[in-house]
Each structure stands twice: as C-alpha cells, then as structure tokens.
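Dear colleague,

I am passing on the structure below, together with some notes on what came out of the analysis. Please read them with the sequence and the coordinates open beside you.

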Amino acid sequence: MRIARFSIDGNVGFGSVEGDPADGPDGLVIDIMKGVPFGEFELSGTKVPLAKVRLLPPVLPNKVVAIGRNYAAHAAELGNEVPDAPWAFFKPSTSVIGPGDPIVYPSFSQEVHHEAELAVVISRLCRDVPRERVKDVILGYTCANDVTARDTQRAEKQWARAKGFDSSCPLGPWIETSLDLDAAGDLAVTATVNGELRQAGRTRQMLHGIEELVVNITEAMTLLPGDVILTGTPAGVGPLNPGDEVSVTIENIGTLTNRVVSRG
Ligand code: MG
C-alpha cells in the first residue's frame with residue numbers, strides 16, 4: 001500500500017494511492033482512510049483523483065534521526081573517513097516539507113546541497129529493538145532529501161543549522177508499506193536537478209543497513225509512531241540554486257520533487 005497524507009477543501013486525511021504512477025497523476029486516485037495508519041484503520045472506498053488533492057508530508061515526525069557518511073563513496077567525495085559505527089544527527093520537525101513544497105534557500109549559506117536518501121518510517125513506540133524485531137517497528141519507506149548548507153556544515157562543529165533549517169527535509173510523496181527489509185535493502189536511489197542526473201546509488205551500498213540503524217538508534221532513544229530515519233546519501237551530492245527543481249526517486253517507492261526558491 002502507498003499511504004499518502006493530503007488536504008482537500010481544507011480537510012486533512014490519509015489515504016491509499018491506487019493506480020500506476022507511470023501513468024502520471026491523472027491515472028492515480030486516493031482511497032480515503034478512516035483512522036490513521038499508526039493504529040486501526042480501514043479504507044472508506046471513497047476515492048478522489050490525486051490531481052484534485054494537495055499532497056502533504058506523509059508523516060509529521062516528532063523527530064528525524066539522520067545518518068551521516070553511510071555510503072563510502074559519498075564520504076570519500078567530501079574527503080571524509082567513514083565512521084566505524086552509525087553517526088546520527090537530528091533534523092527538527094520544523095525542517096519537514098512535503099512534495100511540491102519550496103526549499104527556501106537559507107540566508108546564511110552560499111552552498112546548499114541535495115542529498116537523496118531512503119527514509120524509514122517508524123510504526124510504533126519502540127526502544128531497545130533487537131535485530132529480529134526491527135521489521136515489526138517499520139511502517140514503510142519514503143523518499144527524503146537531506147538538504148544541507150555545506151559551507152555551514154564545514155564551518156560549525158554541530159550540524160543543527162547546516163541540516164536543520166526550515167524546509168531542509170522534504171519527505172514523500174507517500175509511504176510504501178509493501179517492501180520487506182530485503183527489498184528495501186537493495187533499491188536504486190537517484191537525484192536529478194532540472195532533469196539532469198546527479199546521484200545514482202543503491203541502498204545495498206549502505207555501510208550500516210536498516211536493521212543495524214534501528215538497533216543502534218533505539219539503544220539510545222525511544223522512537224515514536226511517525227518518527228523517520230534518514231539512511232544516508234550515495235555519492236554525487238552537489239549544489240542547488242534558486243529556481244532549480246530537484247527530484248529524489250527511489251525504485252518501487254516514487255519520486256519526490258521540490259523547487260528551490262530565494263528567501264523573501
Ligand atoms: Mg544525509
């Protein structure tokens with residue numbers, strides 16, 4: 001199932017996106033959900049064309065836990081060593097935007113980069129999750145762009161501003177719930193800017209896989225329903241400028257597209 005969050009006529013809800021994305025938005029409909037995807041729900045059977053709704057971020061996470069340098073080729077392109085253990089940082093809930101929302105270029109940076117990433121969406125409150133239970137705490141997967149002010153990241157020891165500014169965490173277009181851990185662990189991840197391919201990798205190139213990341217993070221903190229883990233970016237990161245259109249596509253999930261705009 002592809003779970004989207006959307007608004008129509010001032011109402012916000014969840015629904016199941018049906019149809020083949022290859023047919024374009026005109027071929028897709030949303031079956032409106034009764035309830036929420038983190039608890040009991042059923043599909044209402046009431047369907048609206050996707051073109052008639054505004055897609056929102058598929059979740060509003062309490063926190064986004066992101067992993068740095070989880071692909072060796074990306075660490076190398078920035079001249080960095082890879083860490084022995086997962087290297088986690090936070091993106092605040094206020095950084096999250098949805099498909100089609102603008103990425104607002106921050107005033108303090110001259111060098112904003114895209115980072116295409118697989119995002120894991122957590123289904124339930126969990127802590128100290130053992131490896132064999134990881135599959136039970138994952139609702140599904142979506143596309144993310146870990147937008148980064150690279151100059152600020154170099155200048156400041158903590159990455160709160162560099163990776164936490166408003167609009168620096170596009171998520172979407174929906175949560176794909178049908179992928180098991182093996183499938184999610186070998187998906188093509190790409191980023192394009194104005195249609196030009198910039199990043200192309202596969203999730204199997206992660207140094208620390210999905211199960212290891214969930215175990216590592218929940219050793220330290222409770223994850224809540226809707227929390228999101230960004231799993232790191234493959235090589236090919238590069239600059240975004242106002243006016244650019246950036247798309248993150250993940251095989252068997254979908255495409256997340258956002259435009260970069262100037263501040264003010
Ligand atoms: Mg990243």
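Buried area here is the accessible area, taken with a 1.4 Å probe, that two parts lose on being put together, summed over both. The size of an interface is often given in this way, as the accessible area lost when the parts come together. Please keep in mind that this is a predicted model, in which local features need pLDDT of at least 70 and side-chain atom pairs count only at pLDDT 80 or more, while totals for chains, interfaces and linings use all residues. Residues are numbered from 1 along each chain as its sequence is written, and side-chain values use heavy atoms, with hydrogens and water left out.

The two domains

The chain is divided into domain 1, residues 2-55, and domain 2, residues 64-261, with bounds that come from an automatic or database domain assignment. Taken over C-alpha atoms, the centres of domain 1 and domain 2 are separated by 24 Å. To their contact (heavy atoms within 4.5 Å) domain 1 contributes 11 residues and domain 2 contributes 13 residues. Between them, domain 1 and domain 2 bury about 930 Å², and 69% of this lies on carbon and sulfur atoms. On the side of domain 1, the residues that lose the most area to domain 2 are Arg-2, Ile-3 and Phe-38, which together account for 59% of what that side buries.

A salt bridge is counted where a side-chain nitrogen of Lys or Arg lies within 4 Å of a carboxyl oxygen of Asp or Glu, and by this rule one salt bridge is found across the interface of domain 1 and domain 2. Elsewhere in these notes you will also meet the pair Arg-54 and Asp-101, whose side chains meet in a salt bridge at 3.0 Å, N to O. As for secondary structure, helices (H or I, at least four residues) and strands (E, at least two) are DSSP runs numbered from the N terminus. Strand S1 (2-8) and strand S5 (54-56) each supply at least two residues of the side of domain 1 that touches domain 2, and S1 gives the most to that side, with three residues. The residues of this side divide into nine nonpolar, no polar and two charged, where Ala, Val, Leu, Ile, Met, Phe, Trp, Tyr, Cys and Pro count as nonpolar, Asp, Glu, Lys and Arg as charged, and the others, Gly among them, as polar.

For accessibility, buried means under 20% relative accessible area, exposed over 50%, and partly exposed in between (1.4 Å probe, protein chains only). Lys-47 is partly exposed at 47%, and Glu-18 is partly exposed at 25%.

Lys-163, in helix H3 (residues 160-164), is buried, with a relative accessible area of 2%. Lys-163 forms a salt bridge with Asp-146, the closest N and O atoms being 2.8 Å apart. This pair links distant parts of the chain, since Asp-146 lies in the loop between strand S12 (138-145) and strand S13 (148-149), 17 residues apart from Lys-163. Both Lys-163 and Asp-146 are buried, and a network of salt bridges links Lys-91, Glu-115, Asp-146, Arg-150 and Lys-163. Neighbours within four places in sequence left aside, the residues in contact with Lys-163 include Phe-89, Lys-91, Glu-115 and Asp-146.

Two further residues

Leu-230, in strand S17 (residues 228-230), is buried, with a relative accessible area of 0%. The C-alpha atoms of Leu-230 and Ile-67 are separated by 6.1 Å, although these residues are 163 residues apart along the chain. Beyond neighbours within four places in sequence, Leu-230 is in contact with residues including Ile-67, Lys-91, Leu-118, Asp-146 and Leu-171.

Gln-110, in the loop between strand S9 (103-104) and strand S10 (112-114), is exposed, with a relative accessible area of 67%. With neighbours within four places in sequence left aside, Gln-110 is in contact with Tyr-105 and Asp-151.

With best wishes
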